[in-house]
Amino acid sequence: MRLHRNLVFTVIDSIRDIFNEGVYADKAVEKALKRDKRWGSRDRKFVAETIYDIVRWKRLYAEIAEVKEPFDRPNLWRLFSVWCVLKGIQLPDWNQIEPTPTRRIKGRFDELSKIRKYKESIPDWIDEIGVSEIGETIWSKEITALNKQADVILRTNTLKTSKEDLQKKLRTENIITEFISGHDDALKLVERANVFRTQAFKDGLFEVQDASSQLVAAYLDVAPGMKVVDTCAGAGGKTLHLASLMENKGQIIAMDIYESKLKKLKIRAKRNGVHNITNRVIESTKPLKKLQGKADRVLIDAPCSGLGVLRRNPDSKWKLQPEFLDAIRETQQEILQEYSKMVKPGGKLVYATCSVLPSENQNQVETFLSSELGKNFTFVKDNKVFAHTSGYDGFYMALLKKD
Ligand SMILES: C[S@@+](CC[C@H](N)C(=O)[O-])C[C@H]1O[C@@H](n2cnc3c(N)ncnc32)[C@H](O)[C@@H]1O
């Protein structure tokens with residue numbers, strides 16, 4: 001592979017922004033890809049994948065290169081050199097690249113690969129929590145799976161098309177997809193592509209949504225005509241899925257504490273041809289009280305550590321802090337206590353996260369069920385989705401029924 005200077009410089013600038021300036025990796029990639037309109041799909045792929053690779057393997061590469069944060073420019077180039085050598089790419093003869101003994105890099109790699117926190121490139125504290133919560137054997141497999149590049153999965157908007165028709169339409173736009181067993185509306189891209197440029201996307205025929213995430217709305221067991229509250233709707237990935245499952249009939253109240261996210265949902269709903277969603281920003285307890293005991297279904301897609309979606313957001317490994325995890329666990333229980341009040345007798349509640357830690361998942365549900373308010377609920381079932389067994393994101397969902 002021949003390395004192109006302007007592409008590599010873009011990578012170096014981007015990892016500097018991510019590591020030293022705290023810029024989110026997805027934003028940095030977005031900005032990087034706008035740098036030169038002449039770049040073709042191969043160039044864009046190189047830039048995006050190399051940035052994500054170096055972010056994902058930061059700890060391992062830094063250890064191999066023997067560099068410490070904050071990385072100055074020569075150190076960023078050293079990280080890049082490690083990436084090249086481990087990928088089997090010949091180091092270019094550029095001023096920025098020091099003569100690097102490739103045998104030494106490979107030797108350090110073999111040595112460090114014996115220690116999980118280096119091999120899997122994770123902070124000590126996350127590795128310790130993983131081991132203590134799910135045990136060493138499962139954690140080792142899970143973190144390996146979470147360090148893989150995620151597939152691109154689409155969810156068919158069944159309000160507008162069928163999975164089969166969507167597949168045909170995408171083929172005319174040179175996008176080849178396959179079905180995934182056990183995921184009724186999902187299509188998996190055989191090769192990565194920018195699907196947001198397709199006419200099918202502009203026409204609202206699909207949304208990009210991981211296969212595990214697509215299990216959540218279906219878990220809530222909705223039907224057309226119901227009153228459903230999506231309490232942590234964000235930009236509405238699952239809200240839109242609920243609308244499809246409800247055939248656009250009934251009412252969905254999408255809530256979040258951030259108005260900016262709900263605004264994005266509004267745009268997506270329009271594209272999807274969904275017209276049964278009402279947005280409510282949670283600024284006080286008022287919108288919650290108004291709905292007390294009124295909802296057939298309540299979805300709590302709770303804020304969480306995001307440890308199940310590291311494949312998509314590898315920089316979370318470096319951004320996540322133990323204090324945040326402690327705080328979010330408290331929020332999860334508060335949310336369960338408060339938002340469950342909206343379920344009417346006989347109604348159902350789903351509590352979900354994109355984490356694989358029991359302390360954010362089944363333990364929260366157990367705490368809730370043994371609390372005063374939780375006594376009115378019965379546990380129906382739960383699904384602990386691991387990335388290493390499913391091949392998709394790590395997720396948790398529990399279905400409860402109000403007596
Ligand atoms: C896992 S994300 C939701 C993703 C979204 N449901 C989807 O499918 O695209 C969790 C959401 O909870 C919101 N949130 C955080 N604290 C909250 C609270 N106390 N009440 C309601 N929403 C909250 C966040 O803003 C975030 O959008």
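1. Two residues are counted as in contact if their C-beta atoms, placed from the backbone, lie within 7 Å. Leaving aside neighbours within four places in sequence, Tyr351 is in contact with Ile300, Ala302, Leu336, Gln364, Val365 and Ala398.

2. The model is predicted: local features need pLDDT of at least 70, side-chain atom pairs count only at pLDDT 80 or more, and totals for chains, interfaces and linings use all residues. Residues are numbered from 1 along each chain as its sequence is written.

3. A residue is buried if 20 or more other C-beta atoms lie within 10 Å of its own, exposed if 12 or fewer, and partly exposed in between, with C-beta atoms placed from the backbone.

4. In the unreviewed UniProt entry, "binding site" covers Asp256 and Asp301. They are spread over 46 residues of sequence, yet the largest C-alpha distance is 10.4 Å. UniProt positions follow the numbering used here, feature names are shortened, and annotations may be inferred rather than shown by experiment.

5. Asp256 is in strand 6 (residues 251–256) and Asp301 in strand 8 (residues 295–301). Strands (E, at least two residues) and helices (H or I, at least four) are DSSP runs, numbered from the N terminus. Asp256 is buried because 23 other C-beta atoms lie within 10 Å; for Asp301, also buried, the count is 24. Beyond four places in sequence, Asp301 is in contact with Val216, Cys232, Lys238 and Ala352, while the contacts of Asp256 include Cys232, Lys261 and Ile282.

6. The ligand is surrounded by 18 residues, the closest being Cys232, Gly234, Gly237, Lys238 and Asp301; the criterion is a C-beta atom, placed from the backbone, within 6 Å. Helix 13 (237–245), strand 6 and helix 17 (322–339) each give two or more residues to this shell.

7. The unreviewed UniProt entry places "active site" at Cys354, in the loop between strand 9 (343–353) and helix 18 (362–369). Is Cys354 buried or exposed? Cys354 is buried, as 26 other C-beta atoms lie within 10 Å.
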